[in-house]
Amino acid sequence: MENTANKNPDSVLMTLLQVIDIRGSLLAKEAEKNANFVLRTSVGDMTVAEFDRCVEAGEAGLTAASAAMDAARENYLIFAAPRLVEKL
Amino acid sequence: MRALAWLLPLLLAVPAQAFLFGGASDARARALLEEMRAARDSGDCSSVGRLSESFFAEKPPASLREEVYACVGACYERGGLTDKAISSYKLALELYPGNTLFAGRLAGIYNAAGFHANAVPLFLRVLERRPDDVPACLGLARAYAALGFHARAKTYYSRAVVLQDFSDSALLKEYAAAMLRKRDWDEALFIAGKGAALLPGDAAWTLTRARAYYGRGDHHKALPELEAALLLAPSRALRLERALCLLMAGLPRRAMAAAEPELAADPADPLAALVKGMALYNLGEKAAAAPYFKTAGAGGPFTAAVAAAFAGGAAPTGTETCKN
C-alpha cells in the first residue's frame with residue numbers, strides 16, 4: 001500500500017512506526033523483483049497507525065485486487081494450461 | 001388615518017399576495033420556468049442558461065429554484081456537457097441535500113464516467129430515502145460490481161430484479177453475467193431459469209447455464225446446454241466454446257472433431273488451431289500438435305501466449321502482464 005501522507009512523527013510511537021514502515025517498504029521493493037504479480041494500492045492520506053481506517057484500507061486493497069484479477073487469471077492460465085491439459 | 005386612506009384603492013387594485021409576498025415576481029419566475037422546460041425539451045441549452053439568469057433575478061422561492069436546477073442539469077446532461085451537469089447537480093445537492101433526484105443523476109454521471117467510488121455514497125443516499133428506487137439499485141449494483149465488491153453488487157442486483165418482478169430480460173442477462181463473474185453458479189442458474197421463463201427461445205439462458213455448469217467443473221452437464229444454445233444461435237465462437245468444453249470434459253478426440261470443421265473453413269483460425277493442438281497434446285502427440293500451436297501464435301495476445309506456453313516458447317511472465 002502506498003500513501004500520500006508526508007507527516008513528521010509527533011511521538012515516540014509514531015517514530016517507531018515510521019521506522020518499521022520504511023524498513024517494510026525497502027523489503028517489499030526487494031520482494032517485488034521476484035514476484036509474479038504485484039498489487040499496489042494507493043490509500044491517499046492514510047497512515048500506518050490509523051487503525052480506525054482499517055476497513056477503508058481493506059476496501060482499497062479489494063478494489064485494486066479486483067482490477068488486477070483478469071490479468072492475474074490470464075497469467076495463471078498461461079502458466080497452468082500445458083500442465084492442466086496433460087492431466088485431463 | 002386620512003393620510004392612509006389614499007393607499008386603500010392601490011391595495012385593492014393589486015392582489016394582496018402579490019403585493020405582500022412578491023407573487024407577481026413568482027408568476028414571472030413560473031413563466032420563465034415553463035420557457036426553460038420548453039427550451040430543454042427542444043435541446044436548446046444556451047436558452048436554458050440565459051433564462052435561468054433571468055429566473056434567479058426574480059428571487060423566486062426555494063421550491064421553484066430546485067426545479068430550475070433539475071431543468072438546467074438535465075439539459076446539460078442531454079447536451080453531453082457532463083462537466084457543467086456535474087457542477088450544476090453538485091451545487092443543487094449542496095443547497096437541497098434531501099433531493100434524491102440530484103443525488104441519483106450525479107451518481108449516474110459518475111458511474112458512466114467510470115468514477116464508481118464517487119457514485120456509491122450518492123446512490124446509498126438515494127436508497128436511504130427511497131429503498132425501492134430501481135435505477136438507484138441498479139446503479140449501485142453496477143458501481144459495486146465495477147469496484148470488485150461482487151457480494152454487495154448481488155444484493156442490489158437482486159433487489160432491482162425483484163422490484164421489477166423479473167420482467168426485464170436485459171437486466172436479468174446483466175445480473176447473470178455479474179453472477180458468473182462472481183463465480184456464484186447457483187445464483188447464475190437461478191437467474192437463467194427466470195430468464196428462460198420470460199424468453200424461452202433466447203440462447204443466452206442455455207449459455208448461462210452451460211457456463212455455470214462448467215464453471216463449477218461439471219463439463220458433462222454443460223455440454224447439452226451448449227448444444228442447445230448452438231441450435232438457437234449458431235456461431236463460430238460458440239462451436240469452439242463447445243470444442244473447448246469437450247476437451248475439458250476429457251474427450252480430446254471429440255474436441256478435435258468439433259474444431260476440424262472450423263479449420264476446414266479457415267486453416268488459419270487461431271482458436272480452432274489451439275483447441276486441436278491442445279487435444280493432440282493431451283493425446284501425447286506433441287510433435288503433431290506443434291504446427292497447430294504455431295498457427296495459434298498468430299492469434300490475439302492471450303491465444304498466442306497460451307500457444308507459446310504449449311510450444312515451450314517464452315510466454316509473457318507475470319511481471320509483464322500483472323504489475324502496474
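How do the residues of the lining of the largest pocket divide into nonpolar, polar and charged? There are 19 nonpolar, 3 polar and 7 charged, where Ala, Val, Leu, Ile, Met, Phe, Trp, Tyr, Cys and Pro count as nonpolar, Asp, Glu, Lys and Arg as charged, and the others, Gly among them, as polar.

Some ground rules: this is a predicted model, with local features needing pLDDT of at least 70, side-chain atom pairs needing 80 or more, and totals for chains, interfaces and linings using all residues. Residues are numbered from 1 along each chain as its sequence is written, chains are lettered from A in the order written, and side-chain values use heavy atoms, without hydrogens or water.

**The pocket**

A pocket here is an open set of points on a 1 Å grid over the protein atoms alone, where a 1.4 Å probe fits, with protein on both sides within 12 Å along at least five of seven lines; lining residues have an atom within 4 Å of a point. Nearest the centre of the largest one lie A:Arg73, A:Leu77, B:Tyr214, B:Leu244 and B:Phe302. α2(A) gives the most to this lining, with 8 residues; helices are DSSP runs of H or I, at least four residues, numbered from the N terminus.

**The interface**

Contact means heavy atoms within 4.5 Å. Buried area is the accessible area (1.4 Å probe) lost by two parts on being put together, summed over both.

| Item (chain A with chain B) | Value |
|---|---|
| Residues from chain A | 24 residues |
| Residues from chain B | 26 residues |
| Buried area | about 2300 Å² |

Carbon and sulfur atoms give 58% of that buried area. In chain A, A:Ile78, A:Val85 and A:Leu88 lose the most area to chain B, together 26% of what that side buries.

The rule finds 3 salt bridges across the interface, each a side-chain nitrogen of Lys or Arg within 4 Å of a carboxyl oxygen of Asp or Glu. B:Lys286 and A:Glu86 form a salt bridge at 2.7 Å, N to O. α2(A) also gives the most to the side of chain A that touches chain B, with 16 residues.

Definitions and conventions. Helix = DSSP H or I, 4+ residues; strand = E, 2+ residues; numbered from the N terminus.
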